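Good morning, and thank you for coming.

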Amino acid sequence: MRIDILTLFPEMFEGPLSESIILKAQEKGLLSIRLTNIRDFARDKHRTADDYQYGGGSGMVMKPEPIFEAVESVLDDEVPGEKPAVVMLSARGRTFDSALARELSSFSRMVLICGRYKGVDERVAGLATHEVSIGDYVLTGGELAAMVVVDAVARFIPGVLGDIESAETDSHFGGILGPPLYTRPEDYRDQRVPEVLLSGNHERIRKWRRTEALRATAKRRPDLLDKAELTDEDQEILDDIEMEGDGS
Ligand code: ADE
């Protein structure tokens, strides 16, 4: 996937995009990420990217012209028929989740527009295929949100995660939280790793993990269960959990 990030602060991305799995994905040629400074498209001598808002009120608004021109410049080699996802990060957007990350991972190109100040001139929204918020709070800009989107989308691109990091056992895969995880030592500060995980019995381990994943979801995020992909076995497990009551 080719990703273009349009921002007034390209330096903010240096660390997060050059470490670990995202770095490896670029080295393997699965991801290619290009940063474009929106200010390079501001035409006046002060390179102004923002202005006062019509109607009055506090806070500056990002001007449309530099953003339109920046988007056009990164898409100038657009292949006919290959529609890019153009994602505008904004606190007014649709809430980002695993399903949206997966949907975005199916595009071969994605352009991310990072807003700053009070917000972005509404005419820019007309350029976007998706307007996305990463949660119900306001950030100082879209940059951190764009990093979250790149990271979560990249994990769904085939080959980005090795078998060992497989997304299938992650929280939110299939719509529920993941199970608790343990590593060595077996006994730490009087807390033992659950015996079943040491048993070597794959079927018992699978069932325990599924049960604990469903238990955590029912307790912490019951809202997820309405939309989750649940089997008959899951439903039985949930019924048993409900019968047990809240033992905590
Ligand atoms: N810009 C400011 N707040 C934001 C949020 N919650 N998500 C995405 N972009 C933002």
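Predicted model: local features only at pLDDT ≥ 70, side-chain atom pairs only at ≥ 80, totals over all residues.

Let me turn to the chain as a whole. Its secondary structure comes to 8 helices and 10 strands. The radius of gyration is 22 Å, whereas the globule rule gives 18 Å for 248 residues, so the chain is more spread out than a compact globule. Along the principal axes, the C-alpha atoms fill a box of roughly 70 × 45 × 40 Å. Of the 248 residues, 40% are buried. The accessible surface comes to about 15,000 Å², and carbon and sulfur atoms account for 51% of that. Finally, among contacts with a separation of 6 or more, 74% are between residues 24 or more positions apart.

Now to the ligand. Which residues lie around it? They are Leu89, Ser90, Ala91, Val132, Ser133, Ile134, Gly135, Tyr137, Val138, Leu139, Gly141 and Ala145. Sorted by class, this shell has 8 nonpolar and 4 polar residues, with no charged ones. A polar backbone atom of Gly135 is 3.2 Å from a nitrogen atom of the ligand. For Tyr137, a backbone N or O atom lies 2.8 Å from a ligand nitrogen. For Leu139, the distance between a polar backbone atom and a nitrogen atom of the ligand is 3.0 Å. The ligand taken alone exposes 260 Å², and the protein buries 94% of this area. Two elements give two or more residues to the shell, namely strand E5 (85-95) and strand E8 (130-133). The largest share, 3 residues, comes from E5.

Is Arg109 buried or exposed? Arg109 has 5% relative accessibility, so it counts as buried. This residue lies in strand E6 (residues 109-114), and its side chain makes a polar contact of 3.2 Å with that of Asp4. Leaving out residues up to four places away in sequence, Arg109 touches several others, among them Met1, Arg34, Glu78 and Pro84.

Arg215 belongs to helix H6 (residues 202-220). Its relative accessibility is 27%, so Arg215 counts as partly exposed. Apart from neighbours within four places in sequence, Arg215 is in contact with Ile241 and Glu244. With Glu244 there is a polar contact of 2.7 Å between the side chains. From Tyr137, Arg215 is 78 residues away in sequence and 28 Å away in space, C-alpha to C-alpha.

Arg47 has a positive phi of about 50°, although it is not a glycine. Arg47 sits in the loop between strand E2 (32-37) and strand E3 (50-52), and at 36% relative accessibility it counts as partly exposed. Arg189 is not a glycine either, and has a positive phi of about 50°. Arg189 is found in the loop between E9 and strand E10 (191-192), and at 67% relative accessibility it counts as exposed. Thank you for your attention.

Definitions and conventions
Residues numbered from 1 in each chain as written. Heavy atoms only, no water. Near = heavy atom within 4 Å. Polar contact = N/O pair within 3.5 Å; in protein donor to acceptor, adjacent residues only side chain to side chain. Areas by Shrake-Rupley, 256 points an atom, 1.4 Å probe, with all protein chains shown as cover. Helix = DSSP H or I, 4+ residues; strand = E, 2+ residues; numbered from the N terminus. Nonpolar A, V, L, I, M, F, W, Y, C, P; charged D, E, K, R; others polar. Rg over C-alpha atoms; globule rule 2.2 N^0.38 Å. Buried < 20%, exposed > 50% of the residue type's maximum accessible area, 1.4 Å probe, protein only. Contact = heavy atoms within 4.5 Å.
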